[in-house]
Amino acid sequence: MNDDAKSKKHTGADKPATVNILFSPDGVGVEVPRGTSILAAARKAGVFINSLCGGDGVCGKCRVNVRLGRVRGRTSEFLTRDEIREGFVLACEANAESDLVVEIPETSRIIGEVREADPTAARFSADEHLPRSAEELRPLFRKHYIELTPPTLEDNTADLERLEFELGKVSGDTEFQMGLKVIRRLPETLRKANWKVTASTAYRGALTEITDVAPGNTARKNLGIAVDLGTTTVVAQLIDLVAGQTIGAAAKYSAQIPYGGDVVRRILYVAREPDGLAQFQELTANDVCMLVQELQDRYRLGIGDISAVVAAGNTTMMHLLLGLDPNEIRREPYVGVAYGPPPFRAAELGIKIDPRGLLYCMPCISSFVGADIVAGVLATGIHKRDKLSILIDIGTNGEIVIGNREWMMCASASAGPAFEGSESSCGMRATAGALDHIRLADCETLLSFSTVGDSDPTGICGSGYVDLLAELLRLGIIDRTGRINTDMDCSRVRVRKDNVPEFVVFGADETGHGKDIFLAQEDILNLLRAKAAIYAATLIMIKQLSLSFDEIDEIMVAGAFGNYLDIENAVLIGLLPDVAATKIRFVGNTSIAGARLACLSRQRYAEAHEIARSMTYCELSTDAKFMDEFVSASFFPHTDIERFPSVMAKLGR
Amino acid sequence: MEVPDTSESWKTKINTVAIGATQDEGGTRAGVVRVGGAGCIPGAAYEGDAGERPVVAVEVWDVAPDNWPAELTRHYGDALNDPGAWAQKGIEMGADLVCLKLTGTHPDAADRSAEEAATTVKAVLKAVDVPLIVWGCGVPEKDNKVLPACASAASGENCLLGSITEKNYRTLVAACLADGHKLISESPLDINIAKQVNILAQDSGFDLKDIVIFPTTGALGYGLEYVYSIMERGRIAGLSGDQLLQQPVISDVGAEAWRAKEARASDDDVPGLGPAERRGPLWEGITATNLLQAGGDIFIMRHPEAMKMFKEAVDEFMGVGSV
């Protein structure tokens, strides 16, 4: 330490004029004048902190955790006593007094660009299911440039009818509706624009709404957002509605997580707290807004460029998005407020896109099978096939659909978010730095591994967990109950102070964030329970239908895994049934794929409602056999090893 | 009219497990106790081989129990302070073998050491010449110290040691493999977990044919019907070809029956329920007789009258339906 630094330390009066602030987990540092607010510093550093009020200290959204250093600022009613003790402050209210290390909590940040699930999945959605014909590519929200013939004494049709007539010719739509305000503005708009205008239209079933009429030709810029409103993560895709292409995607952890990891806990919170529902509606809408904002910034778009949002999610999340009371969902006879709500003005719900833009909700099936599953069926096309398929969507709830063009049955099993990389010691979503593939040579040596974006590893995502479990099992480092064998001579196995064993995948010196990446005993048991719930639910449905897995033509696995999912390993750990590998396909996030399809095609949006109507719901919680099957599946790969002949051979039995 | 033959035919038999080793076999026992071997459900000998006769193991502790009711202790007297003498008394009462429970090794009880436990095992082996079951205190860390020491002390005697659970099996499996003992696999009234514990033992190199299942026991009025259905399901699965449930079953009847207030309460406390000397043994005997029909093979018992009653039931039962 030099003299200069020493003197700084000794004399309080002689404080440094500037301070350094390091933001974690981004690992970005910035030098700012002392007294600068953390929010301002973050903006300077290019680090995103969620702030709705823009720094007035009134929204309470910009909470961050000061890990190191001193800040000054007033206390806030937005923070609980516990949070204050843990070092939480509002970034806009806290001014840096010294060098700081500031951690931005998951719920206040965007977690990076989401990659298309895997080459197969990309091809899958592009080839098979994107609208190909012009007939199919009729987005929910369209823009038409029209040049009207000005009225004359001979042709004295009124402005609205003149517009509708021309619009009908170019769009093929026949029945229009229009808001009074837009009609009132119409004469001026038409005349000022010299009768050359762009009319925006929105699908409303039999009617088409002319949402806006703007001067000149703006028809080329028509963008939509598809949103997968997950319990744990929210993903948004920006879609070019003219070209029928996905431009980019963004994801974040749900801001509702602090209120409960599962929907039931959130419903209870809403029921208990005054204003709970309004609060949750806002949280949900804000999540969407944050992602829209991120995509807008990334692709340099204006707010008016985005015309529609199509959202898919489970029934509770859809209720919360719309501010509908979800309380009856969890109470007998388990009835939601609305399963197939009409489109609403997005602005009404606090979603900031074009003020005249609409929010479309994919339809739900029942209180426990939501729009995400309908979207999944739509995206995978199960409802159009002659042969039987299964769709297994692994999210916070595991949802399973079995069926074909004639019938479909679905069930929901609460699996927990373990495979989404949540609630595990080193779990993360499949974003840059997530370990998504690994092979072990023996208990000491890594044979190969890969991370998303080839970055230094910072955590483990779902497909990484599947690989890890399979490898540890194969090498006998964990037994078939998932317990880590501490008797083994293995330097990667360590025992924590509280006597809990962990398997260290990467030491702190090998990772992107300077912390160990490991698999703790409780993580394994969480994963075990998650896979057991999914397998048990699938098996019960198969049994109820008097089918066997051999009669299924294809099993499609959807969910927030990484770039790919090692199917063989997923079978080895008993997550998926032991059928020929060629029969199983990983299809990525089908919830958002379905929402995207609907966004691009009215026909598909209508089809989604057809799917929701034709699905039969199978209630597992009332099935006495579920618990039995669950316990039986709570073992690697399964208690009845005969169900896993290929695994039996691999594990040397 | 001819009565149609509705008898079932079973695919497989329950494993026969031999406990104890004679001098020829490297041990010091006078004889060997064989359990299991049934090729039919209990009491249906017309459908298959009834197998070995169910046996009684007298429950002996390494320390004198401080909470046994007088109705029990009066039959053992001072022998309760001497496991060897206690075991002898049990054999005189008609037990086929001895189940030594190392209750005193429990850290919350006397916390006896592994060496002390091993000494007790040796003492009991010396005092009686019947085969021995040794059961730990159920605290994994302690059992993992005590049971290997006992296994080694009884090396060659082909004892039945227990119990392994889903969460703790490696040490005991290794000890039994090293010293040539049989193993009790314990599960909490759950068929699936019973199978899982067996798979774990098998994965660790233990032969499924050397395992006896303890599916947990409940007394009359205290979950007996639940235990019954679990045992029955397991037995039917085993007879239908499930190798993981083809093991003989051990029932801890005495301990469960004598926890029931109907069995242990004094006459003053429960007037109207009949005299304790009749009530207690009946409670234990009826529990055992019920579980006999569910498919039990080894019954750990306490009261001489209950043992007698049970053995009479077995006599009668083994004859039922035989052709």
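Me: What share of the 323 residues in chain B is buried?

Reply: A residue counts as buried if 20 or more other C-beta atoms, placed from the backbone, lie within 10 Å of its own. In chain B, buried residues make up 52% of the 323 residues. This is a predicted model, where local features need pLDDT of at least 70, side-chain atom pairs count only at pLDDT 80 or more, and totals for chains, interfaces and linings use all residues. Residues are numbered from 1 along each chain as its sequence is written, and chains are lettered from A and ligands numbered from 1 in the order in which they are written.

Me: What radius of gyration does chain B have?

Reply: Take the radius over C-alpha atoms; the globule rule is 2.2 Å times the number of residues to the power 0.38. For 323 residues, a compact globule would be near 20 Å, and chain B agrees with 19 Å. The C-alpha trace of chain B spans about 65 × 55 × 35 Å along its principal axes.

Me: Why is strand 21 of chain A largely enclosed?

Reply: Strands are DSSP runs (E, at least two residues), numbered from the N terminus. Six of the seven residues of strand 21 (residues 434-440) of chain A are buried, so the rest of the structure largely encloses this strand.

Me: Which way does strand 22 of chain A run against strand 21 of chain A, parallel or antiparallel?

Reply: Two strands pair if DSSP finds at least two bridges between them. Here five bridges join strand 21 to strand 22 (residues 446-451) of chain A, and the two run antiparallel. His437(A) stands opposite Ser450(A) in strand 22. A hairpin of five residues connects strands 21 and 22 of chain A.

Terms used. A residue is buried if 20 or more other C-beta atoms lie within 10 Å of its own, exposed if 12 or fewer, and partly exposed in between; C-beta atoms are placed from the backbone. Helices (H or I, at least four residues) and strands (E, at least two) are DSSP runs, numbered from the N terminus.
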